[in-house]
Amino acid sequence: MIERLNDPEEFRRRSHAAWEQNIDYWVAAPLRHVVDVGDYILDRVSDLCRRNGNDLPVLLDMGFGSAWLLKSLLARGLSVSYVGLDSMEPFVVRAKE
């Protein structure tokens with residue numbers, strides 16, 4: 001749907017409601033972007049972090065959802081300072097678990 005943004009608060013409310021309806025999918029289902037290009041993203045992030053030299057790289061993951069990237073980086077043994085930001089509290093709660 002393409003429409004003009006007339007009311008930012010109404011947009012936030014609708015967006016929040018839409019995310020609320022899909023939380024289970026985003027934290028549990030095989031996510032399309034992870035299935036399709038997740039390995040590429042993981043390889044690219046890993047490479048960029050390793051190029052950081054001796055400093056501990058800081059990774060900012062905006063809209064982390066299921067935190068799949070963090071889990072994958074940890075599984076590879078990559079040391080990073082991970083900062084995950086998400087506007088949906090249920091994602092934050094589940095990621096902390």
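Me: Which residues in H3 meet which ones in H4?
Reply: From H3, His33, Val34, Gly38, Ile41, Leu42, Val45 and Ser46 meet Trp68, Leu69, Ser72 and Leu73 of H4 (heavy atoms within 4.5 Å; helices are DSSP runs of H or I, at least four residues, numbered from the N terminus). This is a predicted model, where local features need pLDDT of at least 70, side-chain atom pairs count only at 80 or more, and totals for chains, interfaces and linings use all residues. Numbering starts from 1 along each chain as its sequence is written, and side-chain values use heavy atoms, leaving out hydrogens and water.

Me: New topic: how big is the largest pocket?
Reply: Its volume is about 270 Å³ (the space filled by probe spheres set on the points; a pocket is an open set on a 1 Å grid, for a 1.4 Å probe, with protein on both sides within 12 Å along at least five of seven lines, and lining residues have an atom within 4 Å of a point). Of its 18 lining residues, Trp19, Gly63, Phe64, Gly65 and Asp86 are closest to the centre.

Me: Which helix gives the most to that lining?
Reply: H1, with 4 residues. H1 (8–21) and H4 (68–75) each supply at least two.
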